[in-house]
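Hi,

Here is the structure I promised you. Have a look at it first, then read on for what turned up.

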Amino acid sequence: MPLAPLHPSLHHINLSAHTFRYPEKCINSQEDLQHFRISPGYTRLTSFLNHLNSSVSPLALSQQAPGASTFAVPSVPPEKVFTNSPSIVVSPAVQRVISLIQDLENIVSECPPDTGPRRFGNVAFRKWHKLVEERIPGLLEKYLPEEITQHNPFLSGVTPVAELTIYLMGSFGSAARLDYGTGHELSFLAFLCGIWILGGFTPNQDEQAIALRVLDTYLHLIRTLVKAFTLEPAGSHGVWGLDDHSFLPYIFGSAQLTTQAPQSGVQPDYASLGIPRPSDIIKRNIVDEWRDKNLYFDAVGFIYDVKKGPFWEHSPILFDISGVTEGWGKINIGMIKMYNAEVLGKFPVVQHFQFGSLFPWTEYQEKEIEGVSTQQTYGADVHAAASINSQVTTRIPWAKPASGPPPQLGMEATARAPWPRKPAAQPNLGPMGGASGPTDEGPMTKAPWSR
């Protein structure tokens with residue numbers, strides 16, 4: 001089924017007229033973080049994430065049909081976008097990326113964990129990381145399309161593969177700190193978006209396979225690394241974070257189960273739709289049943305794999321979200337807003353993200369890369385973008401439970417997550433006021449259910 005029109009930032013670039021640049025670190029202060037939110041690179045990343053999110057949502061897919069009603073039963077059955085659904089088209093281009101990730105996971109067997117005493121992560125991860133760094137050029141040459149790998153550099157001498165390598169190598173965790181977190185996951189999203197921009201994927205064909213099959217393979221690799229080398233959570237809020245390592249599976253996983261727009265007091269008919277309830281994440285048998293079908297439940301299943309004790313105790317945020325009564329659509333909206341605030345809006349998470357020609361830091365830089373002459377200065381571009389950004393209202397239509405378009409990143413710099421204050425019945429956790437205090441990632445976003 002055709003998807004919504006592509007955002008202009010996701011149109012394929014003209015390789016013959018494009019000047020590639022080595023990505024570099026640009027976020028060095030809170031002021032830089034504010035500029036990041038109005039940068040062309042941010043727009044491209046959030047547009048790509050929104051596009052993938054819509055591609056796996058039964059509701060969003062159904063609303064593309066002429067005359068579709070916001071509250072109508074989706075014409076696209078949820079089982080069509082299950083992670084293991086035979087309806088997911090895996091093109092040769094997507095399969096090559098999957099094979100690339102699987103080859104990287106096979107290298108783990110060459111790096112047995114160190115048996116010596118250690119306090120945190122296992123130093124054998126550094127050996128794996130080094131081997132990957134050595135083999136990445138050959139693997140990208142093997143698996144990426146020839147139009148990307150054989151492209152002759154224009155002026156700068158930098159190849160598209162050189163830019164992509166930065167994002168791929170940044171997606172496995174830190175070999176220095178022996179940790180992994182959502183900033184590394186963001187780097188993998190950038191790697192996929194970079195391939196998309198370079199024409200390596202086909203619009204209206206590869207979106208679902210990217211969001212479900214490629215991400216699922218990547219997450220399997222990451223979970224193997226976390227378990228094999230006991231990687232520490234990077235920039236974690238600890239028990240008061242959503243997840244120690246990942247965020248994307250909760251976005252796409254909730255989208256997979258979104259069958260209607262959230263309506264106050266109206267619950268989806270889960271039984272007739274054949275999908276689980278949000279509250280089912282606290283039932284280990286149902287989680288195990290749905291792990292192969294849904295990214296959200298697979299992520300929760302991994303938590304059960306590595307953590308012991310009551311779910312409400314080690315994952316209180318996810319437990320509270322399980323009490324949402326308006327359905328998965330409400331959760332999907334909340335996850336996107338929370339990603340905007342807790343990942344893209346947190347300095348410790350995005351400070352290591354690098355900006356080149358695929359994800360430009362400034363408007364001026366983007367025009368210069370594409371060979372378009374401009375008389376604007378860096379400062380003028382920033383002020384122009386800030387002026388445009390300041391006109392965007394903070395009141396968005398999907399913040400109301402009645403109706404509206406699917407949620408979009410980049411439209412609201414909210415620091416409040418929108419889930420209703422109706423958590424599932426739970427043991428008394430005691431006062432939570434001090435739990436959201438400063439961490440290595442800054443203050444936790446204050447969510448309504450934390451009151």
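Helices (H or I, at least four residues) and strands (E, at least two) are DSSP runs, numbered from the N terminus. Counted that way, the protein has 19 helices and 4 strands. Keep in mind that this is a predicted model: local features need pLDDT of at least 70, side-chain atom pairs count only at pLDDT 80 or more, and totals for chains, interfaces and linings use all residues. Residues are numbered from 1 along each chain as its sequence is written, and side-chain values use heavy atoms, with hydrogens and water left out.

How much of the protein is buried (under 20% relative accessible area, with exposed over 50% and partly exposed in between, using a 1.4 Å probe and protein chains only)? Of the 451 residues, 56% are buried. As for contacts (heavy atoms within 4.5 Å), take those between residues at least 6 apart in sequence: 77% of them join residues at least 24 apart.

Now the inside. In soluble globular proteins, nonpolar side chains tend to be buried together. A nonpolar core is a set of buried Ala, Val, Leu, Ile, Met, Phe, Trp, Tyr and Cys residues joined through side-chain atoms within 4.5 Å. The largest one here has 118 residues, and W128, F191, L225, F252, Y296 and Y339 have the most contacts inside it. Helix α9 (residues 207-229) gives the largest share of this core, 13 residues. Leaving out residues up to four places away in sequence, L225 touches V108, F125, W128, F172, T230 and L231.

α9 also packs against other helices. Its axis and that of α4 (axes are lines fitted to C-alpha atoms, for helices over the stretch in contact, with angles from 0 to 180 degrees between N-to-C directions) come within 9 Å and cross at roughly 5°. That makes α4 roughly parallel to α9, a label for angles under 35 degrees. Residues of this contact include I98 and I101 of α4 and V214 and L221 of α9. With helix α13 (residues 295-306), α9 packs at an angle of about 10°, the axes being 11 Å apart. So α9 is roughly parallel to α13 as well.

Finally, why is α7 called largely enclosed by the rest of the structure? Because 8 of the 10 residues of this helix (residues 160-169) are buried. They are P160, V161, A162, E163, L164, Y167, L168 and M169, and they pack against α4, α5, α6, α8 and β4.

Cheers

Terms used
Angles under 35 degrees count as roughly parallel, over 145 as roughly antiparallel, 65 to 115 as roughly perpendicular and the rest as oblique.
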